[in-house]
Protein chains: 2
Amino acid sequence: MTTSRHWELRRRPRGWPVHEDVALVDAETPSPGPGEVLVRNHYLSVDPYMRGRMNEARSYAAPYELGRPMYGGAVGQVVESRDEKVPVGTFVQHGLGWRTHAVLRGRAVVAVDAEAAPLPAYLGVLGMPGLTAWVGLYEIGAMRPGQTVWVSAATGAVGSLAGQLARLAGCRVVGSAGGEDKCRYAVEELGYAACVDHRAGSLTEQLREVLPDGLDLYFDNVGGDHLRAAVELANPFAHLVECGMIAAYNEKAPPVDNLFQIVGKKLTVRGFIVSDWADRQPLFHAHVAALLREGRIRYESTVVEGVERTFDAFLDLLRGGTHRGKLVVDVRGG
Amino acid sequence: MTTSRHWELRRRPRGWPVHEDVALVDAETPSPGPGEVLVRNHYLSVDPYMRGRMNEARSYAAPYELGRPMYGGAVGQVVESRDEKVPVGTFVQHGLGWRTHAVLRGRAVVAVDAEAAPLPAYLGVLGMPGLTAWVGLYEIGAMRPGQTVWVSAATGAVGSLAGQLARLAGCRVVGSAGGEDKCRYAVEELGYAACVDHRAGSLTEQLREVLPDGLDLYFDNVGGDHLRAAVELANPFAHLVECGMIAAYNEKAPPVDNLFQIVGKKLTVRGFIVSDWADRQPLFHAHVAALLREGRIRYESTVVEGVERTFDAFLDLLRGGTHRGKLVVDVRGG
């Protein structure tokens, strides 16, 4: 038995989650059985989609059970193994986050190369958010060189890769983000042609200035007023990639009152969930890993220290926060 | 010169069009020049999309010019010809409606077979509305046998064919329409499995009863509350075909407040304009003309008599009216 800590959902949030909805629990993690491994987690992922799992309503993700540990992406190191294919010392990525230690079947973990990239990268640019960006552009948005692309949440885990991939594909790419710092980072570090601060006035008016010829592809992480602006600025036959709508996760998103333009502009508005596209993982990984080796992709992780701060990090993420790139929690200290 | 009458747009409607926005004008139609024909129109088409042409704002259709004749689909007979390929007596379809007589280049008219179908059919089931239904299902909606399909405005020019084509393709098809009479017609004559009256209570609740397993394809002619209901009832990977949004043409459509489901349900919401799909005309015509010959498709035209009633017929169409199938105006009486 290993002393461990995990987060449980105690009640389903109504609107914005609060501390009373969850609890950090001391527990004993059992030793691994045959074919299993014990992983000491190093980094936990917090992602916007987890808010959906806190609801009872059916969602694309099964809801978290009340009184049970929550879960999500994590990377760590195998510290006990009863699967010879995954020896002690192996760094692995898996789906039992929101906890310090996890027992899983050896087949349920994926070994990662800790030399090739820092461990948090496997929760970001090389992980689920990276694949999300890739699938959204190439499979859902039918991106083509020369298009004008807008990426919202442009500096987040998904957006920061989406923006760079679109630029490298030969598109003109503008971003939007919350706050001057993020916008400066978007332009200076991530290579966006421009980035508008959605907290600094009318989104549509600001976008009109940086998108004088409209937009052909919108990568939506926000919904609400962002989606409305995209419909307004869309060129005929534009694609709107519905990756996420964080504006609607905790409250009613602002209404989108211009949907009639979908007809006249012949828009395609298409939602997706990355788990349906797992078969694209090798293609994605080969592409992005090569770009990383060549130094053509920038990425950043914002690391919060301590398992006890996981929920606060998650709340910060939902509020937009001030982090850059992928937000992870370092739980090596317990 | 031929004495004729045509409708002009006198000012751009704000909201619902009124009689003061248009005028029926007596005129002289000149004799055809070289390569031209003079057509005496028999039937004029009134279609919801014409409302968009009355606006100044850029739309998929060029706006009607103020003080100039409006135009749209029409069928008639050549009464003078200076194009030997289109002799006097030929029945033709063309784009200069909203008038009793038209002079066009011979190349701008399409001869139609008045023996194969009554002339109004070339403005409906065999014309632009028919192609619209066909393209919406086969090209935009990716219809497949066994799917559950909802067609709104189920008894209209487009909907009545869309519903039948979907049924013949092996789908379970429900409709929605305004009023008991239309719903009865939809089920008894057009073969819908069920039809809900959107004037008779909650659309979503009524649909839930007839769509216990949700829907895979929604053919939208209405928008607003209809689009909201479709998102609510959509199954994962459903397609929402945005053919028209008549609820938004004259007033703000009711807001769609559940768009976040586009992500989780992985919906595809896609608008189209039939004129982009003109190359599908031969495929469509071969398909639907054969079904008509075999008696497997029902269609109906509602004929309003007299060019002076064209605008009232158009208004009636926008309000939903009581007509069945394609609404046309017989202008043979002048």
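How many residues apart are B:Glu180 and B:Arg184 in helix α4 of chain B? They are four residues apart in this helix (residues 180–188), so about one helical turn separates them. Helices here are DSSP runs of H or I with at least four residues, strands are runs of E with at least two, and both are numbered from the N terminus.

This is a predicted model, in which local features need pLDDT of at least 70, side-chain atom pairs count only at pLDDT 80 or more, and totals for chains, interfaces and linings use all residues. Residues are numbered from 1 along each chain as its sequence is written, chains are lettered from A and ligands numbered from 1 in the order in which they are written, and side-chain values use heavy atoms, with hydrogens and water left out.

Over all chains, the structure holds 32 salt bridges. A salt bridge is a side-chain nitrogen of Lys or Arg within 4 Å of a carboxyl oxygen of Asp or Glu.

| Salt bridge | Closest N to O |
|---|---|
| A:Lys326 and A:Asp47 | 2.9 Å |
| B:Glu294 and B:Arg296 | 3.5 Å |

A:Lys326 lies in strand β15 (residues 326–330) and A:Asp47 in the loop between β3 (36–45) and α1 (50–53), 279 residues apart in chain A. Both residues are buried, where buried means under 20% relative accessible area, exposed over 50%, and partly exposed in between (1.4 Å probe, protein chains only).

In chain B, B:Glu180 is exposed at 60% relative accessible area, and B:Arg184 is partly exposed at 39%. B:Arg296 is also partly exposed, at 43%. Elsewhere, salt bridges with shared partners join A:Arg228, A:Glu232, A:Asp257 and B:Lys252 into one network.
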